[in-house]
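Please read them with the structure open.

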Amino acid sequence: MKFLGVSAAAAVLLLLLVLRVTSCAPLHPQGAPGPDGQPLAAEEPPGALQPVTADCRDPGWTAAAQANANALQTLAWAPFGRPETGWEIYVPLIQHEIRTTCPANSEGFAAALGIWQRAQQQGGDGILSETAFLAMKSAAQTRREFVRFTAFGACPETPDLITAAQIAEGYGGKPVWLRPRALAAYRRMVAAARAAVPEAAADPQMLTIFSGYRSPAADAARCQAEGNCDGIVRARCSAHRTGLAADIDVGHAPGFTVDSSADPNRLYMTRTATYRWLVANAERFGFVNYPFEPWHWEWTGEPP
Ligand SMILES: [Zn+2]
């Protein structure tokens with residue numbers, strides 16, 4: 001009985017850690033890369049998305065679609081601990097999880113969400129709730145190797161080998177480093193993104209890396225000097241110490257920087273074609289996103 005209590009407490013603790021952990025901490029994507037980060041999974045097969053009509057109409061889901069449309073810009077919540085209004089920022093993530101391309105205010109989206117909810121034994125009303133989103137967030141976090149590795153307080157050693165990216169691969173020519181296989185996978189992903197997304201092909205700065213490997217000592221020094229410790233995450237154990245995390249330029253709103261977590265900036269980022277392509281395709285190259293930071297991607301092809 002006592003053992004059961006301890007086990008239950010440990011399970012709850014693990015769940016809380018997975019839900020709360022930030023870009024400092026990682027887990028494994030479903031489409032894990034093969035040797036050298038070559039994607040194992042092919043392009044998403046046709047028909048993999050939820051079967052909804054081409055125009056995303058589905059009369060059975062009108063009321064749910066209206067409820068989603070109402071909450072999209074008004075829901076008061078704090079899915080990452082900081083109060084937010086609305087869930088527009090997370091629409092690409094949610095569409096990815098429920099496997100639809102229908103707009104968040106559409107009947108087709110509600111229908112796809114209803115199917116997902118039933119599979120998760122979360123009812124099936126097609127209305128996005130905080131509970132549903134936290135389950136999706138947990139799934140996304142669980143794909144980050146770093147989150148799983150650090151769930152019980154461990155912090156990865158710094159890597160033996162890191163490689164300098166080319167000058168053109170750093171944001172504004174900034175020197176950046178990644179582990180060799182992560183860098184190779186990044187290059188394959190960027191080439192595919194530029195082939196598929198006109199805005200990424202047109203702007204050479206798009207998809208450049210503004211932060212890769214960071215030494216723990218440098219992070220700690222910066223944390224002290226700037227009083228900016230990312231909620232102490234940076235000082236304690238940043239994912240960037242692994243050499244597997246890359247902060248990637250996915251665009252930024254006028255007046256904001258590429259790493260600003262202000263909500264209007266994050267919303268802008270998640271609307272870019274580049275970010276949306278990454279959400280749909282990065283896992284094929286072994287990269288997973290920390291959903292609070294549209295720019296933060298981690299390669300999962302080797303342990304942190
Ligand atoms: Zn980052």
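1. Basis. This is a predicted model: local features need pLDDT of at least 70, side-chain atom pairs count only at pLDDT 80 or more, and totals for chains, interfaces and linings use all residues. Residues are numbered from 1 along each chain as its sequence is written.

2. Overall make-up. The protein chain has 12 helices and 8 strands. Helices (H or I, at least four residues) and strands (E, at least two) are DSSP runs, numbered from the N terminus. Of its 304 residues, 43% count as buried. Buried means that 20 or more other C-beta atoms, placed from the backbone, lie within 10 Å of the residue's own.

3. Helix pair. Helix α3 (residues 91-98) packs on helix α5 (residues 130-142) at an angle of about 85 degrees, and their axes are 10 Å apart. Axes are lines fitted to C-alpha atoms over the stretch in contact, and angles run from 0 to 180 degrees between N-to-C directions. So α3 is roughly perpendicular to α5 (65 to 115 degrees).

4. Who meets whom. From α3, Leu 93, Ile 94 and Glu 97 meet Met 136, Ala 139 and Ala 140 of α5. Contact means C-beta atoms, placed from the backbone, within 7 Å.

5. Val 250. This residue lies in the loop between β6 (245-248) and α11 (263-271). Val 250 is buried, with 27 other C-beta atoms within 10 Å. Leaving out residues up to four places away in sequence, Val 250 touches Met 269, Thr 272, Thr 274, Tyr 275, Leu 278, Pro 294 and Trp 295. Val 250 and Met 206 are 44 residues apart in sequence, yet 6.0 Å apart in space, C-alpha to C-alpha.

Technical notes. Buried ≥ 20, exposed ≤ 12 C-beta atoms within 10 Å, placed from the backbone. Parallel < 35°, antiparallel > 145°, perpendicular 65-115°, else oblique. Contact = placed C-beta atoms within 7 Å.
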